[in-house]
Amino acid sequence: YLAKLEKIKLPNTKIKLLQKLLAKAIEEFKKINRAQGINFSKKMQRLVEKYNERKESDVLRSEVLDDFTEEIIDLYHAMKKERNSFNELGIDFEEKAFYDILKSLTVKYDFSYPEEKLIHLAKEVKSVVDDKAKYTDWSKRSDIKAELKVDLIILLAENDYPPVDRDEVYKEIFEQAENFKKYRASSR
């Protein structure tokens with residue numbers, strides 16, 4: 001698709017198509033890995049804002065349009081690389097989504113947690129979510145949602161995660177779990 005876009009000679013058309021391609025790729029990525037999807041959405045938004053706020057004298061300059069095109073393509077490749085980064089950790093793509101949320105929370109709330117324990121915990125969280133995802137009507141049943149929350153809280157407590165007591169930490173993990181289950185169920 002990118003090779004076909006390279007042949008387009010109209011820079012604004014190419015830019016619009018690249019933006020649509022990247023937006024669609026980010027939305028698909030967000031269905032499994034919410035945290036990284038949001039991160040890439042913000043990066044794309046900053047890129048578009050920078051492009052839209054360029055000087056009036058640069059509006060039609062081809063090198064400015066070419067630079068923006070390259071930045072979009074670079075962001076697309078960065079996302080593609082991130083999408084495949086789970087291999088380096090020895091986990092699967094879905095486990096990486098939980099790893100990313102757990103890792104981002106250590107940064108956001110300024111606490112440390114050993115890397116190998118994060119990887120193990122990500123696998124365990126996915127296992128708990130998979131167990132509840134087997135019910136087709138999980139989204140309509142508050143008992144299953146409550147059971148998922150309890151199971152996750154117990155799992156996190158058993159693993160001393162997080163070492164800080166913050167309800168927001170659990171909330172973000174639950175949001176990733178709900179996101180994961182929602183799109184996982186709809187893709188089956």
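Me: Buried means under 20% relative accessible area and exposed means over 50%, so is D160 buried or exposed?

Reply: D160 counts as exposed, because its relative accessibility is 52%, over the 50% cut-off. Bear in mind that this is a predicted model.

Me: Which loop is D110 found in?

Reply: D110 belongs to the loop between α6 and α7. Its phi is also positive, near 55°, and D110 is not a glycine. With 69% relative accessibility, D110 counts as exposed.

Me: How about Y161 itself, buried or exposed?

Reply: Y161 is buried, because its relative accessible area is 1%.

Me: Let's switch to rings. How many aromatic pairs does the structure hold?

Reply: Six aromatic pairs. One of them is F29 with F40: the ring centres are 6.0 Å apart and the planes are at 70°, so this pair is edge-to-face. F29 is in helix α2 (residues 11–32) and F40 is in helix α3 (residues 34–52), so the pair ties together parts eleven residues apart in sequence.

Me: Are F29 and F40 buried or exposed?

Reply: Both are buried. Another aromatic pair is F111 with Y161, also edge-to-face, at 5.4 Å centre to centre and 70° between the planes. F111 is in the loop between α6 and α7, while Y161 is in the loop between α8 (142–158) and α9, so the pair ties together parts that are 50 residues apart in sequence.

Me: Which residues do ring pairs link into a cluster?

Reply: F29, F40, F86 and F93 are linked into a cluster by ring pairs.

Me: OK, helix packing now. At what angle do the axes of α6 and α7 cross?

Reply: Two packed helices are described by the angle between their axes and the distance between the axes. Here the axes of α6 (residues 93–108) and α7 (residues 115–133) cross at roughly 125° and come within 8 Å. The two helices are therefore oblique to each other. The crossing of α6 past α7 is right-handed.

Me: Which residues of α6 and α7 make the contact?

Reply: From α6, E94, E95, F98, Y99, L102 and K103; from α7, E115, L118, I119, L121, A122, K123, V125, K126 and V129. By class, that contact has nine nonpolar residues, no polar ones and six charged ones.

Me: How do the axes of α7 and α8 cross?

Reply: They cross at roughly 160° and come within 10 Å. That makes α7 roughly antiparallel to α8. This crossing is right-handed. On the α7 side the contact uses L121, E124, V125, V128, V129 and K132, and on the α8 side it uses I144, E147, L148, D151, L152, L155 and L156. Those residues divide into nine nonpolar, no polar and four charged.

Me: On to Y170. Which helix is Y170 found in?

Reply: Helix α9 (residues 167–186). Y170 counts as buried because its relative accessibility is 16%.

Me: What does Y170 touch, not counting residues up to four places away in sequence?

Reply: Y170 touches I153, L156, Y161 and P162.

Me: Last one, Q45. Which helix holds the place of Q45?

Reply: Q45 is in helix α3. Q45 is partly exposed, because its relative accessible area is 44%. Its C-alpha is 9.9 Å from that of A23, a residue 22 residues away along the chain.

Notes
Residues are numbered from 1 along each chain as its sequence is written. This is a predicted model: local features need pLDDT of at least 70, side-chain atom pairs count only at pLDDT 80 or more; totals for chains, interfaces and linings use all residues. Side-chain values use heavy atoms; hydrogens and water are left out. Axes are lines fitted to C-alpha atoms, for helices over the stretch in contact, and angles run from 0 to 180 degrees between N-to-C directions. Helices (H or I, at least four residues) and strands (E, at least two) are DSSP runs, numbered from the N terminus. Angles under 35 degrees count as roughly parallel, over 145 as roughly antiparallel, 65 to 115 as roughly perpendicular and the rest as oblique. A crossing is left-handed if the near helix is turned anticlockwise from the far one by less than a right angle, and right-handed if clockwise. Contact means heavy atoms within 4.5 Å. Ala, Val, Leu, Ile, Met, Phe, Trp, Tyr, Cys and Pro count as nonpolar, Asp, Glu, Lys and Arg as charged, and the others, Gly among them, as polar. Buried means under 20% relative accessible area, exposed over 50%, partly exposed in between (1.4 Å probe, protein chains only). Rings of Phe, Tyr and Trp (its six-membered ring) pair if their centres lie within 6.5 Å; planes under 30 degrees apart count as stacked, over 60 as edge-to-face and the rest as tilted.
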